[in-house]
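Dear colleague,

Please find the structure below, together with its sequence.

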Amino acid sequence: MNKKPDWFYDADLSHVMSVLNTEWRETRYVGGCIRDFLLQRRDGDIDIDIDMATQLHPDEVISLCNDAGLKTIPTGLDHGTISVLAGERVVEVTTLRRDVETDGRRAVVAYTDCWVEDAYRRDFTVNSLSMDVNGAVHDPLGLGVDDIASRRLRFVGDPEARIKEDALRILRFFRFMDVFFNTDAASLHACTQNWGLLEGLSKERVTQEMRKMIVAIPASQGLKEMAAQGLTIKNLGLNFQFFYNIKEKSQNIDIECEPVLWVALFSGVLAEELGEALSLPRTLVKQMQAICGAVQD
């Protein structure tokens, strides 16, 4: 594929790349933006997050950006991530890493200059790709491009090991089912077997992932699969059967709102209880209460 994504020609992104791609250290675009480009999803159809990975250490990223007049925010300095303000975009720039120690919620990392080592710590093969300053796509594991072409979803390496590095990857796996219908059996088995690890995560992280799933595709295949498996997150009061058939049930109601509101409306869970369980903003809870009240009236 010779074509480059639209965002590749963005002047602000190109400026950041020109600053960080030095003669002694390489910087590349990484992750979802490459995946979506190879899936031929148009920029206008999705909210494109642009991430970069670099062989530069975080202090070098900050220094080079400051010298170039670019503002930086040390949003994830402990893990090597610096946010760089590029016009209206916020680009996350992360130093190549390898995991030293993990507990399912956070990881202790060591920096590396090896692209293969960094690729091995990513969640799915389809997210292990990168694109260099010339627009060439790199597949360090030799799996990502083929898996995108075949719509195959699988973890990098041992599924259980990837999950134990960060249990949120379980929910991400189900969310990605809406795009990658060729689901790896071993990966799905590892998700169901280690489902209980989700109860060690914060409400905020679970909420963020769930809202992405609900907003992206209301009648989600991932939600359907979780419902079919009878999966719950007990400490958050979540039973995924509540989420299924949202699209079908919302078609006859003439009101526009974030799809998560349908969850409150049709789940049988009171809006206030759901808001507390998911740690939702108070303004959103009030919206849900208003909708529930209007329907009951």
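In what follows, buried means under 20% relative accessible area, exposed means over 50%, and partly exposed lies in between, with a 1.4 Å probe and protein chains only. By that scale, glutamate 26 is partly exposed at 22%, whereas arginine 28 is buried at 8% relative accessibility.

The model is predicted, so local features need pLDDT of at least 70 and side-chain atom pairs count only at pLDDT 80 or more, while totals for chains, interfaces and linings use all residues. Residues are numbered from 1 along each chain as its sequence is written, and side-chain values use heavy atoms, with hydrogens and water left out.

A search of the whole structure gave 12 salt bridges, each defined as a side-chain nitrogen of Lys or Arg within 4 Å of a carboxyl oxygen of Asp or Glu. Among them, glutamate 26 pairs with arginine 28, with 3.1 Å between the closest N and O atoms.

Arginine 122 and aspartate 118 form another salt bridge, their closest N and O atoms being 2.8 Å apart. Here arginine 122 is partly exposed at 21%, and aspartate 118 is buried at 4%.

Aspartate 184 and arginine 152 also meet in a salt bridge, at 3.4 Å from N to O. Aspartate 184 counts as buried, at 14% relative accessibility, and arginine 152 as partly exposed, at 27%.

Finally, a network of salt bridges links Arg162, Glu165 and Arg169.

Yours sincerely
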